[in-house]
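Dear colleague,

Please find below the structure I promised to hand over. My notes on what was found follow directly after it.

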Protein chains: 2
Amino acid sequence: LQSSTMTYDNVIQPGDNPDLTKERKSASFNLWKMQCFVHEGEEVVRRRKEILEFVQKTREFDDPIPAEFLSREEIVDRGARKAKAMTDNADAIDGSDFFGEGLYYQSLVIGRELHSMSLHYGMFLPTIQGQTDDDQMDEWMGPTIGRAFLGTYAQTELGHGSNLTKLETTATYDPKTEEFVLHTPTLTATKWWPGGLGKSANVAVVMAQLFTNGVNKGPHPFFVPLRDPDTHMPLKGVTLGDIGPKFGINSNDNGFLIFDHYRIPRRNMFMRFSKVLPDGTYVAPHHAKLGFGTMVFVRSIMIKDQATQLGAAAVIAIRYSAVRRQGEINEGAGEVQVIDYRTQQFRLLPQLARAFAFLFAAYEIKTMYLMVTEQIGDGNMDVLAEMHAVSSGLKSVVSWETAQGIEQLRLACGGHGYSRASAFPDIYTYAVGGCTYEGENIVMLLQVARFLMKCAKEVRIGNPKLANIGEYIARNDSGKARIRSWKQVTDEDIIHDFEAVARRMIFASYDRLKSCENAMTKKEAWNKCSIDLCKTARMHVKLYLVKVFLRRVSTCEDAACKKVMHTLATLYAFDLISGASGYFMKGGFMSEQQSELVQSDLYEILEVLRPESVALADSWDMSDLELRSVLGRRDGNVYPALLEWAKKSQLNRTEVLPTFEKYLGPMMKEGRSHL
Amino acid sequence: LQSSTMTYDNVIQPGDNPDLTKERKSASFNLWKMQCFVHEGEEVVRRRKEILEFVQKTREFDDPIPAEFLSREEIVDRGARKAKAMTDNADAIDGSDFFGEGLYYQSLVIGRELHSMSLHYGMFLPTIQGQTDDDQMDEWMGPTIGRAFLGTYAQTELGHGSNLTKLETTATYDPKTEEFVLHTPTLTATKWWPGGLGKSANVAVVMAQLFTNGVNKGPHPFFVPLRDPDTHMPLKGVTLGDIGPKFGINSNDNGFLIFDHYRIPRRNMFMRFSKVLPDGTYVAPHHAKLGFGTMVFVRSIMIKDQATQLGAAAVIAIRYSAVRRQGEINEGAGEVQVIDYRTQQFRLLPQLARAFAFLFAAYEIKTMYLMVTEQIGDGNMDVLAEMHAVSSGLKSVVSWETAQGIEQLRLACGGHGYSRASAFPDIYTYAVGGCTYEGENIVMLLQVARFLMKCAKEVRIGNPKLANIGEYIARNDSGKARIRSWKQVTDEDIIHDFEAVARRMIFASYDRLKSCENAMTKKEAWNKCSIDLCKTARMHVKLYLVKVFLRRVSTCEDAACKKVMHTLATLYAFDLISGASGYFMKGGFMSEQQSELVQSDLYEILEVLRPESVALADSWDMSDLELRSVLGRRDGNVYPALLEWAKKSQLNRTEVLPTFEKYLGPMMKEGRSHL
């Protein structure tokens, strides 16, 4: 076991900005213990340090020039180089633990970017694992793992994302040659977005409408070679390319793909569940809805990733706010650290709390997933459906609040937050993609709402069979809000109040929905009520986040860590209540007095947490390599580093740009001649 | 006078996406009349069309490759080329009307970017106009207008932005040589951020602490040559360069600047207000606070610019939502336009309303500014201070809500919104800069709060002398909320309710501040109460926005236009109330019933406005050239245009990227060899 001193030795070093050192020494808790709590145990933190050391010492991972100074072509090159180097050195980590070690290793090697092999591992490989029959598994698994080809997953089309049933790409079975003919019948059927499809991948899982014997059997996955293994040229009948620059994630060559009557063998259809026999006979799958599990697992990773992005933004903004001095609070007393401003604390600390809430929720979902998948053997599909609902909701709430939070934190850093030196622009554009991919956020919320309406119906008809997550919906409690001063309020009080508000919103939505259904079709009623349904779903998810945060804190073994973390969890809950005070005050559930108390307590908590802020940021254990931020540097020596960074600008390679010779010089010369 | 048909002929053309044509025909109002209302008259709309035609036909303005495919060096080159071409052709517009014609012309020629000459016209020229004495004016004005040199405005330093009094750059007068010695005494004194400073400008207004006879006289502006007019090389004693890539606005070479005992003549100090005589005697200015007026005017331009960015985002998202079909509302009825989803309407229409509210507020501020500057001659400085407060608050609220709104609209467009083809990423990164420059948003809100607390104090001591904007604060009204069904509620009811809520917040903040002042210094109390003070300031600004929107609509002469616009203004107000329901319900001011009515009415209004949406978007009169968005195209033929756009990607210049030869090819070859 490492002593706390050792860890502090790493975090506090000679030459550090003294303001930051002062902050680090003012914390009431032991940093090592807090890091272990945050990262689920000593072993994890120790492994993080090992992986960090490995990456730091491996010369293949060096970046001669930081990514922000590279052109699109250059960052794509960098991405491919690093993806190869990263997988060459895959032994450095436990490959079975992508949630933990894999995600961390990747963030250290590559940063906040996808790369040419992201989809190969993230989507192509799981499809090979989950959708092949035994022979296909034998044939494709080896080369997939051995990087003998590079795969991607081609589902979304120009014209269809959320509504998969209407994908237009066709795979028509030709029994004469025992082949499928892949075709892009319309412009909108063009495959669009798959990562690595544009220039890197040479095979793909392609989702296409399966036609056999003239009948459409719906979308099915196919294994499709795209490029010649030796020359990498597109195969005949295949047109593909990059879809152009995006908000972020530009090291990835997201691609488009058009088929012109392109033939693949019958056995290139993934045949674990459905089959087409040589004569064209279609064999349907036994179960309609498989693959829920993988989606839940992918979402747990995504939620952890989002939490980490928000956490990184909070770490950067908190450290910078401790070293930035601007303005005086008491005249003549000298300029203060900007973190001394109450408004600044309000910009920073609720976001820090939120990042922890999201991280803990990711742990929870992952743990639940592992538990539940064991139970599925016993046929417990209901729990899985419920977990799918909560993970959908989390994906939506977490990605949206992460995006908003990152921008709040960036803006709290003033002008320097706008520079890419801060890393905020890259964090934001990377993270905000999560609002859209893996299920559009509003669509996700409506899935949660559907689950909640089912629960409400079961309660109303007097036959509730709700598992853990929805159980509170059936509880009968018409009491008032129990929220009290933050020093007296219990976890149960807080949860009680959130449950009561969520429950009331659920039944209000349910009643409104039912009453609408009298006047129109069920689908129309659903559409008419959908805004309320989204709001209701959001409250259900927030309740879940508050519960998980409080529960996780209650397991903390170190008293000092527990105390600070509990204050942070309370800040999180109070901030949510304050932001939704209209819902809490409805029907007199929460009184005026309580509402005002929540508000003034919030400010008091900010004051209490102020001296813990930097150490709480440090508890994420984010190295400079992981942060990649000049503003968020461990040593706080921000200003010289900003100047050093700026000197690398592409425009500073010469004192005088060609623009002078071409435009500005002649213009000014002419201007002078008229004087 | 153009007939409405003529305008429709332009907006609806053969070959357009039929969904968009259907939408355009479903509007209840005349488009031309609405455009004239939105843009303050027929003459303006006609001039817009003339300027557009001029830009379209002028070959110098052509872009061979859209900006999003260019590298940093290339967009800087493009920016300089176009800035020169734009100013070469300045006769095309009324140069005295930057708020109207200038801003529009620039957006057509250059797009959402600053350029190497932005600060020359935006900050340098106004300083020459406002800060020179007669001789200096004679010397510098001609070459400034004649582009004989290129200027920028260097104020912000690495270590100081908001707190100008602590700028560190020094200008020390040397009476022996009658020169000022400019010096950068510390690293943090490095000038940082000025637009065009890095590589383009060869002179600058530099703000520096003036020392004469050993005494610091505070920050003063100086006229400083930076580069050799012929070679463009930095002058001896001057080090400067580009500060590196940013979130957006990368065509601008924001720069850094370091002085090493750099000498300029005494007369290079701007001497309209303060002077230093040859012997070093300092002559103080007559008035301490001049220049308020210019700031108000600059803000009116900024608010219009922000409104236009949010408007553009709304136009793009609304048009795309009308052509995008995804999912079914009633099964088997075919996929619907996504604008048919209530959730989508809720994402789009409040933002559209907001954009109009901001545009009208910009008009209001500009008009007030022109009125008030006439009155200043009569010594009416109070009104100017008040207007300064409201423009500060507007700057803050408008820029923040614009940024949030743009992202909401982008996310409403799903995956395609993430592509730079949509233009959203460029709109966002450009607009969100406005939260920080020209006064950090929280600092701005606290300025408003200071004004409001002064008003509250005057009311409390029984001696209110409040001008227009703060007048409601003194009113005595303890009644209940008057909000009613949107079909019955009057403008007066709505304004009454907002005023009551804002007033209560102002006095609650005031009382809390006073009570804090008993226990600590005034400055500490201010800091402690600052979060509430910001919230109060925001409500005051929202009240102002609602008032202006309703007032502007009441002046609309066309009944059909007025009706739709009034519905939109009501949507704006109801959406604000719904988002702040906790404040409105406080103390029982707004009843539960009223609160629920606001909510359900909101949804009803969405339904009413649904068929007007596309025509309302068209009423901004934004050409494809101005929008620069594949998703927002007038003709709605989005999908083929996306594919065309993508083909221009830098990565599509060759079928096979070098990454194959360098990394991926050998990797896969090795992988195959192991099979």
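**Strand E5 of chain B and its neighbours**

Strand E1 (residues 151-154) of chain B runs parallel to E5(B), and four bridges join the two; two strands are taken to pair if DSSP finds at least two bridges between them, and the elements themselves are DSSP runs numbered from the N terminus, with at least four residues for helices (H or I) and at least two for strands (E). Within this pairing, Ala154(B) stands opposite Val206(B) of E5(B).

This is a predicted model, in which local features need pLDDT of at least 70 and side-chain atom pairs count only at pLDDT 80 or more, whereas totals for chains, interfaces and linings use all residues. Residues are numbered from 1 along each chain as its sequence is written, chains are lettered from A and ligands numbered from 1 in the order in which they are written, and side-chain values use heavy atoms, with hydrogens and water left out.

E5(B) spans residues 203-212 and is mostly covered, with nine of its ten residues buried (under 20% relative accessible area, with exposed meaning over 50% and partly exposed in between, for a 1.4 Å probe and protein chains only). Strand E2 (residues 170-174) of chain B also pairs with E5(B) in the parallel sense, over three bridges, and there Ala171(B) stands opposite Leu210(B). Strand E6 (residues 215-225) of chain B, by contrast, runs antiparallel to E5(B) and is joined to it by nine bridges, with Pro219(B) as the bridge partner of Gln209(B). E5(B) and E6(B) form a hairpin with two residues between them, and Asn213(B) in the turn has a positive phi of about 50°.

**Aromatic contacts**

Over all chains, the structure holds 56 aromatic pairs (rings of Phe, Tyr and Trp, the last by its six-membered ring, with centres within 6.5 Å; planes under 30 degrees apart count as stacked, over 60 as edge-to-face and the rest as tilted). One of them is the edge-to-face pair of Phe124(A) and Phe149(A), at 6.0 Å centre to centre and 85° between the planes. Phe124(A) lies in helix H7 (residues 118-131) of chain A and Phe149(A) in the loop between helix H8 (134-145) and strand E1 (151-154) of chain A, so the pair ties together parts that are 25 residues apart in sequence. Phe124(A) is buried at a relative accessible area of 0%, and Phe149(A) also counts as buried, at 13%.

Best regards
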